[in-house]
Amino acid sequence: LHMGKTMKEDLTVVVKYIKQLYPPEFNVFSTYAELYHNYFASQAKKNAESHLEDKDIYLLLSWVHNIYPKDMRKDHVLAEELEKVKLGSLLPSSLSKELEKKYLDSEEATIKNSLSKCLDKEIQRWKEDKEPEKLNGHFQSELLAIFVIQSIYSGQKRAKDISAAVGEELSRRLWQELPAFLRSYKDAFEDFKEKSKKHRHYKPILIASVNNCWNFRDYAEKNMAEKDDNKASILSTLSEIENSGFDVLLQQLFAQLKPIYKRFTENKWDSSNEIMNEIIKTTSKHISEFRTLKDPFYHAIVEKIHTRLVKEYIVRLLKRKVSLKTPAQQQNLAQSISKNAADLETFCTSNGSQATWLNSALPKLAEIIRLQDLGAIKIEVATLATTYPDIRKKHLEAFLCIKANLSRGELKSILGYLADSTASTSPGAPLFSNINVS
C-alpha cells in the first residue's frame with residue numbers, strides 16, 4: 001500500500017511539474033515510471049515467492065489483477081502517459097498462475113469445510129426437541145440454505161473482484177460442490193426420515209426440510225446456465241428430496257383412504273355420494289397441515305393428492321365387480337360418477353390443485369357408460385385416448401365389463417378403435433400407466 005501510494009503520488013508530480021523541465025526526447029516520465037514499476041514488481045515477486053497466508057495471497061492477486069492495473073494505471077492524471085510506457089504486469093504470468101491456483105484451492109477447501117459444518121449444525125437442530133420456526137405460516141429452517149448460498153455467492157464475488165477469469169474458475173468449482181453438498185443433505189434427510197419417526201416434531205421437520213429446497217432451486221434456476229450438467233444434477237437431487245418428503249407426508253392419508261375406496265365396489269356403487277363425502281372429509285383433515293409447505297410445494301402435494309383420488313376411483317371402476325345389463329342401470333351409475341367427479345374437482349380446485357388435466361377423466365368414463373350407440377361410444381373412447389394417451393386395451397376392456405349389454409363383436413370393435421387412435425399420439429401426463437389391471 002505504501003509503495004502504491006508513493007508511486008502514484010510521485011508520478012503525478014512528474015507529470016504535473018517535472019516532465020516539462022526536460023526536452024521531450026528525454027522521455028523523462030517513462031524513465032521514472034519504469035524505475036518505479038521495476039522496483040514494485042521486484043518486491044511483488046519477492047513476496048510471491050515467500051510463504052504467504054491465504055489473506056496475503058488474495059491481497060497480492062488483487063494488486064496484480066485489479067488495484068495496480070485499474071486504480072493506479074487508469075488514474076485520470078497518469079493514464080495517458082502510462083499508456084505510452086507499456087509497463088506490463090506486476091508478476092510474471094507463471095508466478096501469477098501459481099498464486100491463483102493456491103488461492104482457488106484454499107478458497108474451495110474453506111467453503112467446502114464451512115458447508116459441511118453448516119450441514120452438521122442442521123442435523124443437530126433436527127435432533128433437538130423443538131418445532132421449526134414459521135415464516136408467513138410456513139415451517140422453515142432457512143439458515144442452512146441462506147448460509148450455503150451466501151457462502152457460495154461471497155466466494156464468487158471475492159474471486160471475481162480479483163479478475164473475471166479467477167471468478168469464473170471458482171464459480172465452476174463451486175457449481176460442482178453444490179450438487180455434492182445437496183447429495184449429502186439428501187442422505188442426512190433420508191437418515192432422519194427413517195430413524196426419527198417417533199420424533200415429536202417429525203412432520204414439521206420434514207416440511208421445513210422440503211421448504212429448504214425452494215431457496216436452492218430458485219438460486220440454481222436464476223444463476224446457472226441452462227445446459228450446465230451441475231444444474232441438472234442439483235434440480236434432480238432437490239426433486240428427490242421433495243418427492244421423498246411428500247411420500248412420507250402422504251402415507252397416512254393414502255392408508256386411510258384405501259378401505260374407504262373399497263366400499264365403492266363392495267356396495268355395488270350404491271351410496272357412492274356418501275362414500276365420496278367421506279373421502280373428501282378425510283382428505284380435508286390432512287390438507288390443512290400441508291399448508292405449512294411453501295406455496296409451490298403445497299400445490300405440488302395437492303396435485304399428488306388430486307391425482308391419487310382420481311386414480312383410486314378409476315381403479316375401483318376397473319375391478320370387474322359390477323356388471324350392468326340395462327341402459328337405465330348404466331344411466332344411474334353414470335350420473336353417480338359424474339356427481340362424484342364434480343365434487344372431487346370442486347374440492348381439489350378449492351384447495352389449490354392446478355392439475356386441470358385430471359378433470360375430464362371421470363366425466364369421460366361416465367359418458368362411455370351412459371352412451372348406448374356404438375358409434376358414439378367409439379368417438380368418446382377416441383376422445384378419452386387423445387386426452388389420456390397412456391390408456392391401454394387392458395384398461396378399457398376391464399372398464400367395459402360394466403356395460404354387460406355389449407356383444408363380443410361390439411366389444412372387439414371398440415377395443416380395436418382404441419388401438420388405432422392411440423398409435424399416433426405421444427404420451428402426456430401419466431394416469432392410466434400407473435394403474436395395474438388384475
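Tyr22 sits in the loop that joins helix H1 (2–18) to helix H2 (28–48), where helices are DSSP runs of H or I with at least four residues, numbered from the N terminus. Because its relative accessibility is 36%, Tyr22 counts as partly exposed, a class that lies between buried (under 20% relative accessible area) and exposed (over 50%), with a 1.4 Å probe and protein chains only. Together with Leu21 and Phe26, Tyr22 makes a nonpolar surface patch of about 350 Å²; such patches take residues with over 30% relative accessible area and no salt bridge, with nonpolar side chains joined within 5 Å.

This is a predicted model, in which local features need pLDDT of at least 70 and side-chain atom pairs count only at pLDDT 80 or more, while totals for chains, interfaces and linings use all residues. Residues are numbered from 1 along each chain, and side-chain values use heavy atoms, without hydrogens and water.

Two pockets are compared below; a pocket is an open set of points on a 1 Å grid where a 1.4 Å probe fits, with protein on both sides within 12 Å along at least five of seven lines, and its lining residues have an atom within 4 Å of a point.

| Pocket | Volume | Lining by class |
|---|---|---|
| Largest | about 330 Å³ | 6 nonpolar, 3 polar, 7 charged |

Helices H5 (93–127), H6 (143–162) and H8 (202–223) each supply at least two residues to the lining of the largest pocket. The lining of the second largest pocket includes Asp247, Phe254, Arg308 and Trp357, and H11 gives the most to it, with 5 residues.

Conventions: Grid points are joined across faces, edges and corners, and a volume is the space filled by probe spheres set on the points. Ala, Val, Leu, Ile, Met, Phe, Trp, Tyr, Cys and Pro count as nonpolar, Asp, Glu, Lys and Arg as charged, and the others, Gly among them, as polar. Patches are made of residues with over 30% relative accessible area and no salt bridge: like charges are joined within 9 Å, nonpolar side chains (Val, Leu, Ile, Met, Phe, Trp, Tyr) within 5 Å. Accessible areas come from the Shrake-Rupley method with a 1.4 Å probe; for residues, only the protein chains shown count as cover. A salt bridge is a side-chain nitrogen of Lys or Arg within 4 Å of a carboxyl oxygen of Asp or Glu.
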